Every structure is written in structure tokens, then in C-alpha cells.
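Student: Could you walk me through reading a model like this one?
Tutor: Gladly; let us look at it together.

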Amino acid sequence: MMFADLGHFSALSIKIAFTVLVYPSLILAYMGEAAYLSRHHEDLQRSFYKAIPEAVFWPVFIVATFAAVVASQAAISATFSIISQCCALNCFPRVKIVHTSQKISGQIYIPEVNWMLMCLCLAVTIGLRDTNMMGHAYGLAVTTVMLVTTCLMAMVMIIVWKLQIFTAVAFLVFFGSMELLYISASFCKVPEGGWIPLALSLIFLTVMYVWNYGTLQKHQFDAENKVSMNRILRLGPSLGMVRVPGIGLIYTNLVTGVPAVFGHFVTNLPAFHQVLVFVCVKSVQVPYVCEKERFLISRVGRKEHSMFRCIVRYGYKNLQQENYDFENTLVSELVQFVEKEKESGLGPITEESSREFGNLDIEALGASEQTFNDPSHEENSVQSSHDIQVMKSGDEQLENSLPNEESLQILKARESGLAYILGHSHAKAKKSSSIVKQVAIDFVYAFLSRNCRGPDVVLNVPHTSLLEVGMIYYV
């Protein structure tokens, strides 16, 4: 219970349960076992069960078995939470995360991790076949966690709580010295099973570091190789290429600028769709995002370019697989944006003008949970994406009943079809890189990239309309 996920239990409930029930029970159990060992040294291996009176042996055995099941479930839930947070921080390959609660974001299930834990448990049990070696592995893992927790708590005292360094050092010395004694005793058992947690920790540390490094390098490459807006403006209305009928949806992680995949595509094939939409999907830590608040639309470049940016926001319960009408909804949002842009009489609303008026706070996207609301509380919702994008001019609003030519152009392009363009990047280590870096990037990171969930699966892109643009970036 000490390691139960806070997504399943509140902090107060864990404090009360540990203080009132768990801690006294542990003290009594350890004191009784120590008293028994003081008189029966020969029963060292089975002291816990030997210390139990025969009259209550089987009830205690059943309770202990259920306690082990509860403890394993808490460990599994904590593993799910840690992996989920690592994925959010780009420190672990993308996996399928299933949210099992309608209200609490911490209650999740990860099938891949669940199978991985099962395989590891079977491998350790079948491979060791010795409870003593398993105990050695468990003891080293627990004592190491205790020491790491103490070190992290000292950092929290200095960085978060702003306490004096002397107080943090005193805390670290007092508790760390005791934990170092336990670790020194556990290290003697490394050859006898203690190497298992060390090996697993090293493997997962390598995977997380390599994935985080490769992901950061990819994002840096995308940010540094964005197509210059000045270059776009100099190309003229046709962008210097043939504009074929249809709508092109270019998926990118960038919320500003024109992604490098666009420049790479038109360099090799100077033809693109009549209407271009740069789609950026963002997940926020709320259950649902209403349909009215899901889309943030702005214009990229001049009006004659017919280029837009659409930031799509999903809550963790808004399954994209259920959004079967995404294409029609997006086209409808584009048409309404163009119509309101015309009615406002303020001219084309680009990303620059939106930030100037404070309507499109791109840097703060998804940072505040209060921005979105559950569908059952739509009366408290913020302004819709249409109202966010358009500055009303009050009495100066133009009344024009004539159809918008650009709206008709978008609808006509929709009839010609949509194409989804995704960047398919491959990381390569430079020839001047060290052997370790070449192995990490060319083999480890490449293997992880091939076997993790692809962006087309995460975004639920139809394969019949998918077009991947291959790119290589050197790190």
C-alpha cells in the first residue's frame, strides 16, 4: 500500500492508512519475529511462519497471500504510472495507454508493460528457482530505492521547499547513513541474485536515455529546418509549384512555422494540394475537450496561399478512433473560420496577428486544465475556437450575404479528396561519432523506432489516404 498509485488513492487516505494500520502492524510483526529469532536461531530461513502460533497459522497464511497480491497490484499500477509519465516526457517509446476511469487520469492500463512484467516475473522465477536469491534481489532493490528517495527528497527540500542547505544536508546525512549500511550489506549478495535489479535498471536506463536523446535531436532538427516564412511569401500565390485539387493535411509536432517535411516534399515533387492545413495534435490532462473547443485555427502566410494551421486538442478520454467524422468536422471549421474572418473586417488572421491580440497563446497550449471542461459542464466552458480566432468589431461588423469565394474553394477541394502527409524520419549517427553513439543511434534507437507505436496508429490516419515523406537527420 505504501507504493500505491496516487491516481487510485488520495494522499490523505494513504497517510491515514499507513499511520493507523500499516505502520503499527509492521512494527508488531517485526518485533514478534525478532523476539522469536532471539530464542530460535536455527529457524532463520522460515522465521516469519515459524513465529506464528499453530492455531492461527492458516488464517495468517491466507492473509499474507492476499497481502502479496495487493502489493503486486500496487507495484503494477505504479509501473503503469511511471511509464505513462515517461512517455509524456519523451523518455520512453510510445505505447498504448488505456484510461480505465472517466474522472481520474491516473487510472490507466498499458498492455505492453503488463505483458513485459509477466515475462520478467516468469523469467526470474524459472531462472532462479531459489527463494533466497529472489530475496537478495528484492533486498538490494528496496534498499537502493530508499537511498534514491532520500537523495531526491533532499533535492526537493532545496529546490521546491526553499529550505536551507544545512537542513537538507543534515536530513541526507541522518537518513542516508543508515540506508548506506543496508546497501553495503545487500551488495554482498550481488553474485547471489542481487545482480538482477542492477541489470534491469541498466537496461531500462539505456533505453530511456537513448530514446530521449534521439527524440530531442529530432525535435531540434525540425525546429532548425523550418521553412522560412519570408521564403514562403516570396514564392507568390502558387508557392512556386503546381496546386492540384484537394486538401493536404500535413501532420507536425510544431505549433509554429512551416515544418521541414513540407520543404522536403516540394523540393522533390513541386506539386501540392490546393488547400494546405498544418495539423498539430495536442493531448491535455483533462477527460474531455468539447467539440467547440477542440480546434484552434489560424492562417499561415497570405490569404491567396490557402494555407492554415489547425491545432487539435484531445482529452485523455477523447479517443481519436471514435472521431470518425474528423475530415468533415475539420472542413466545417475551416469554412466557418474563413466566413467569420470575412465578417470581422479585420483582414486575414494569421498566427502573428493572433498572438499580437492575445487570442492564440500557443506556448501555453495544454498547460492549464481549467481551459477545458467536461461535456456535462458546457455552461462553464470558455469561448469556442471560432470566437478565439476572430476579433469581433462590434458595430463595425460587415453584413455581407454574398457567398465567400474562399469557402467555396475549400468545399470544392474537399470534394476532390484529402491526403494525409506524415514525416517518416530516420536518425543516423555522423561518421565522426564514437562507436558507442553509432551503436546507440543506428541500432538501439532505430530498433525502438521500428517497434513502437507509429504516429499513423496514434493519430488514426486512414492508410488509403496516407503519404509518408522520408527524411534523414544526422545526430
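We take confidence, then a helix pair, then some strands.

Tutor: This is a predicted model, where local features need pLDDT of at least 70, side-chain atom pairs count only at pLDDT 80 or more, and totals for chains, interfaces and linings use all residues. Residues are numbered from 1 along each chain as its sequence is written, and side-chain values use heavy atoms, with hydrogens and water left out.

Student: What average pLDDT does the protein chain have?
Tutor: pLDDT is the predictor's confidence in each residue, from 0 to 100. The protein chain averages 78, and 80% of the residues score at least 70. Residues 355-402 have a pLDDT below 50. Where pLDDT is low, the predicted coordinates should not be read in detail.

Student: At what angle do helix 10 and helix 13 pack?
Tutor: Two packed helices are described by the angle between their axes and the distance between the axes. Here helix 10 (residues 326-344) and helix 13 (residues 405-416) pack at about 165 degrees, with axes 9 Å apart. Axes are lines fitted to C-alpha atoms over the stretch in contact (heavy atoms within 4.5 Å), and angles between N-to-C directions run from 0 to 180 degrees. Helices (H or I, at least four residues) and strands (E, at least two) are DSSP runs, numbered from the N terminus. Helix 10 and helix 13 are therefore roughly antiparallel, a term for angles over 145 degrees.

Student: Which strands does strand 3 pair with?
Tutor: Pairing requires at least two DSSP bridges. Strand 3 (residues 242-251) runs parallel to strand 4 (residues 271-284) over eight bridges, Val242 having Ala271 as its partner. Four bridges join strand 3 to strand 7 (residues 418-428), also in parallel, and Leu249 is partnered by Tyr420.

Technical notes. Angles under 35 degrees count as roughly parallel, over 145 as roughly antiparallel, 65 to 115 as roughly perpendicular and the rest as oblique.
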